[in-house]
Amino acid sequence: MPGMIDIHCHLLPGIDDGAQTLEEALALAQAAVADGISHAVLTPHVFLGRFNNLRSSIEAEFQRFAAFLKVKNVPLQLSFAGEVRLDAEIISLVQRNEIPFLGECGGYRTMLLELPDAQIPLGSITLVRHLMALGIRPVIAHPERNKAVMEKPERIGQFVDAGCFLQITAGSLLGQFGPRVGAATDFLLNEGWVTAVASDAHNLEGRRHRMREAWIVLERRFDSEMALDLMRTGPAALCGIPVDVESVHE
Ligand SMILES: [Fe+2]
């Protein structure tokens, strides 16, 4: 299995509901390596009013944490972005250069965008179109776990049509969030709408990485090409991370 690229996890300590201490964060980083992840994009919540993280503050935390992992010799490549909660304020964050983007893909900046848990708010598509016009392509974080999408997975099609990419959670493939999330996951995969599987890891208890297990499920249900696409090549492309083709075929 080539190194997986995890574009959604909550390792940075003490700034959201992920790792709380440096020790927890170190243990999670070591667990990521043990799970087969070679590159982790650290994506704290950017959720105004709840987790008031911005690009500038995340970047400062990231630099400290990356230096710490280096000292500890953890062989994990790192970058940072943010899981940006859908909010009309996003546009002002763009203007203030405070959106932590995933990277660049096809001439667009890419942003991990989270919908609320229960519904797809009115106006979401308008916001997506506005972002696209600004040269920003959203990557929708775990749409399969949104209740409106669980009820009717085709509802997310309008986002795909508008230019969004989709990222599903590894645990959704493993029954971790129940059968309805599993069914929505299957629908999105079968439609060919998914570009990346990511861990959304928060801790070593109920919210571990589980990427290796998800890889095996993709291999069994589809093939190893699909696993590679969704867990290495696709995620790398979304962030503009160069992948070494040689090592993929080792
Ligand atoms: Fe998350």
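Visitor: What covers the buried residues of H2?
Guide: This is a predicted model. In it, the cover over the buried residues of H2 includes helix H1 (22–34), strand S2 (37–42) and strand S4 (77–80).

Visitor: Which residues of H2 are buried?
Guide: Ile58, Phe62 and Phe65 are buried in H2. Looking down the axis of H2, the buried residues fall within an arc of 75°, so they line one face of the helix.

Visitor: And which are exposed on the other side of H2?
Guide: Ser56, Glu59, Ala60, Gln63, Arg64, Ala67, Lys70 and Val71 are exposed there.

Visitor: Back to Phe65. Why does Phe65 count as buried?
Guide: Phe65 has 21 C-beta neighbours inside 10 Å, and the cut-off for buried is 20 or more. Phe65 therefore counts as buried.

Visitor: What is Phe65 in contact with, leaving aside neighbours within four places in sequence?
Guide: With those left aside, Phe65 is in contact with Leu12, Pro13 and Ala25.

Visitor: What separates the C-alpha atoms of Phe65 and Leu26?
Guide: A distance of 8.9 Å separates those C-alpha atoms, while Phe65 and Leu26 are 39 residues apart along the chain.

Visitor: Change of topic. How many residues has H2, and how far does the helix reach?
Guide: Helix H2 covers residues 55–71, which is 17 residues. From first C-alpha to last, H2 reaches 24 Å, close to the 24 Å expected at 1.5 Å a residue.

Visitor: Which residue with a positive phi follows H2?
Guide: Asn73 follows H2, and the phi of Asn73 is positive, near 60°.

Technical notes. Residues are numbered from 1 along each chain as its sequence is written. This is a predicted model: local features need pLDDT of at least 70, side-chain atom pairs count only at pLDDT 80 or more; totals for chains, interfaces and linings use all residues. Helices (H or I, at least four residues) and strands (E, at least two) are DSSP runs, numbered from the N terminus. The expected span of a helix is 1.5 Å times one less than its number of residues. A residue is buried if 20 or more other C-beta atoms lie within 10 Å of its own, exposed if 12 or fewer, and partly exposed in between; C-beta atoms are placed from the backbone. The arc is that of the directions from the helix axis to the C-beta atoms. Two residues are in contact if their C-beta atoms, placed from the backbone, lie within 7 Å.
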